[in-house]
Amino acid sequence: MQYQYTAEQQEFRDSLRRFVSDHYDYERHRQRLAKGEHFDAGLWQQWAELGVLGLALDEEYGGLGSGLDDMMAVAEELGRGLVPEPVVPVVAAARLLASIASPAQAEALLPSLVGGELRLSLAWEESASRGNPLVVQTRVKDGALYGKKCAVLGAGEAQQWLVSARNEQGELLLLLLAAQPAGLRRYVMADGRAAGDIQFDGVPVDDSAVLCRGDAAERALRQSVSESLLLMAAESLGCIDSLLSVSGEYLVTRKQFGMPLAAFQALQHRFADMFIAGEKLRSLLWAAFQQQGREGFHRAAAQLKVQLAESGRYVGQQAVQLHGGIGMTDELNVGAYFKRLTLMELMAGQRDDHLAGLALAS
Amino acid sequence: MTEDRSLEAFRDEVRAFIRESATEEIREAGRKTTSVFAPFKQAMAWQRILADKGWVAPSWPQEYGGTGWSLEQRYVFAQECNRAQMPPILPQNLQMVGPAILGFGSDAQKEELLPRMLSGEDFWCQGYSEPGAGSDLAALKCRADRDGDDYILNGSKIWTTYAQHANKMFALVRTSSEGKPQQGITFLLLDMGLPGMEVRPILGLDGAPEQCEVFFSDVRVPCANRVGEENEGWTVAKYVLEFERGGSTMGAWLVPAVERLREQCEQVDELGQRRLDDPVLARRLEALEIEALAVEHTEKRVNAGLKHGQNPGPMASLLKILGTEVMQRFSELQLEVTGLRSLVYDPGALEIGAAPSDFSEDELLAMPYYMNTRAASIYAGSNEVQRSLLAKAVMAG
Ligand SMILES: Cc1cc2nc3c(=O)[nH]c(=O)nc-3n(C[C@H](O)[C@H](O)[C@H](O)COP(=O)(O)OP(=O)(O)OC[C@H]3O[C@@H](n4cnc5c(N)ncnc54)[C@H](O)[C@@H]3O)c2cc1C
């Protein structure tokens, strides 16, 4: 039963933490976002050099061959540093690609993903999918693609898109397409990251674009989305841990009525509840991790997403509240974590969506 | 019965007036209000229209420009303004500095300042909070030292909403450090832009400046600008808080807001589905409506008690907590309903008169509204402080 990172993983995480705090301090983050810089090609190259982009890919393609837990450690630090570059989405898409590509395709694509030259983005979410990647309205009809994908992280930075669609027989297809700016409506999200909605209005697709179909495609896509939920939970833990440390420090230093805020029992209890919320999420993250490769994995991932929504919302809101007026400003990182947590709550299926799915399945 | 009928006639009159007098720009600003502070220019334009009609200050005494309406009429008026999504009137003029002057101002102050407050010719900002004095307001340090017929101000204020738009400020300043902290505070009126004064806007969570920091270094303010006696500003400030007894109209905002959210959920999306067909969402909307009604009827009940000479007492704290927390829950559900469509950040499209954007107002609004609404449990006496007051008042029996 694994409930924590190994010593080696911890060391790796600590080195990443230093890298992140050197390159992504909050003041710099604010300045970048104010200038609309969501993606820094130089930093992306450094992520590649650190081995992060190939962390979870096989060594024969230049990767490090590590597991999902290593990626979880990375995701935590990305959350802690509010990193806007789409590291997790690209890595997750690469893992999916690796699981379905032919040897020739793997040979052709994976090394450049590891090296940072190729960026891939997985477009699965739709307005009706509500967290279920098998609910797919996007269609291939007469050799052309129709439909709309929403909230695709890193869509604008990617050279290739992995897209889920169904054919006229209702069979699920996973397609690899060259990114096409025409159908992409890029936007900045409330937390400063870039995303996009992709509209397909008859984009031609031939058979060579289909990487995988049918049951195999369903299995691979579900696996990928569930893995992403674990990474998202790890990322939100990075945010939550930061909020706890910032808030804890604030409570002991900020004085009102001649004493530190930490002296007020109402606030002590609130802080304890925030801590509990974080620990629940951490426990369920490891519980889901243990289910990897087992039947219960998707269920555990969905349960984790429910907890992410609850813990993230609670800790984010309360951290703002405990800070009073200063918590409502752009100047302090508290609001920035709150926003990032809020977006994670809304993406890849909300609390009620996953609860409904879970109830239906059991 | 006849009372009800005349109230309904009054409602019709209010509706007709709004329909005829609100400009398209003012309506747009009302829809695009992403916090409790409406866009400045249009909120003031609406204030002027109401002032011309004599409807701008329902709670003021009639001789100074009040409407003479009953509490029920005032509630109906608030309901109709909210139903039509008019921008809320900024509270600083009419609900804050106005009552201070009505209660404690000199005749000269009343004569000069009240009419300009009503019309919005002056816009006042509220200089109470300081970096070290928030919940514990009596800890404020911004000093006002006597120098002949003037006070000399040194120190700073923070969280001053819309100071960048204001031409006047009402402030609490320290004139004595003797006795209890509450005893050495004075209520002062001053012009913005005096020599030695600097205003720095602060960006909020939605990236827009709403609050400001204000710095004073040797700013000279005539003693004639004092409201009430020296060192008795706390009494003035307390009077202001009590002035709008029964003035809470949060329910008048919430009930129609929930109604609009329900309508949004009834719309058929591109796949022919209605959000309302989701039984879980439908139940949550029902629950939210009950909460909104609890706010509305508690407000009305407090009003009814006032008519019979009861004091709202701890109910004022209760209404603050209840109203703001239901408002926050509303903002949560609105965000969940808007879902993936609310992720986008496009502040330019929220500017009044902006060219139509790719995104609808609903999509653009849910997230900034959700974020800004977090402030409701912080300002005007944080909900923690209100809970302590409430418990203390009620436990004693
Ligand atoms: C959007 C917005 C607009 C505002 N506009 C104005 C304005 O125009 N003019 C103006 O003067 N001020 C304004 N304020 C300031 C507002 O009044 C203060 O933010 C508020 O009084 C809280 O003070 P603080 O921010 O210093 O927080 P603090 O007092 O430092 O409080 C921090 C946290 O500790 C809690 N806390 C404090 N004391 C206790 C206690 N005894 N027991 C339990 N919990 C406690 C608080 O509830 C809060 O959660 C505004 C604030 C906001 C957010």
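**Exercise 1.** Classify B:Cys125 and B:Cys212: buried or exposed?

*Solution.* In this predicted model, B:Cys125 has 0% relative accessibility, so it counts as buried. The cut-offs are under 20% relative accessible area for buried, over 50% for exposed and partly exposed in between, with a 1.4 Å probe and protein chains only. B:Cys212 is likewise buried, at a relative accessible area of 0%.

The model is predicted: local features need pLDDT of at least 70, side-chain atom pairs count only at pLDDT 80 or more, and totals for chains, interfaces and linings use all residues. Side-chain values use heavy atoms, without hydrogens and water.

**Exercise 2.** Find how many disulfides the structure holds.

*Solution.* A disulfide is a covalent bond between the sulfur atoms of two cysteines. Here the criterion is a pair of cysteine sulfur atoms within 2.5 Å. Start from B:Cys125: the closest cysteine sulfur is in B:Cys212, 7.8 Å away, which is too far for a bond. Over all chains, the count is 0.

**Exercise 3.** Decide which chains surround the ligand.

*Solution.* Residues from chains A and B do, so the site is shared between chains. The shell has 24 residues, each with a heavy atom within 4 Å of the ligand. Among the closest are A:Arg254 and B:Trp159.

**Exercise 4.** List polar contacts to ligand oxygen atoms (N or O pairs within 3.5 Å).

*Solution.* Take the side chains: a polar atom of B:Ser382 lies 2.5 Å from a ligand oxygen. Then the backbone: a polar atom of A:Gln321 is 2.7 Å from a ligand oxygen, and one of B:Tyr128 is at 3.0 Å.

Technical notes:
Residues numbered from 1 in each chain as written. Chains lettered and ligands numbered in written order. Polar contact = N/O pair within 3.5 Å; in protein donor to acceptor, adjacent residues only side chain to side chain.
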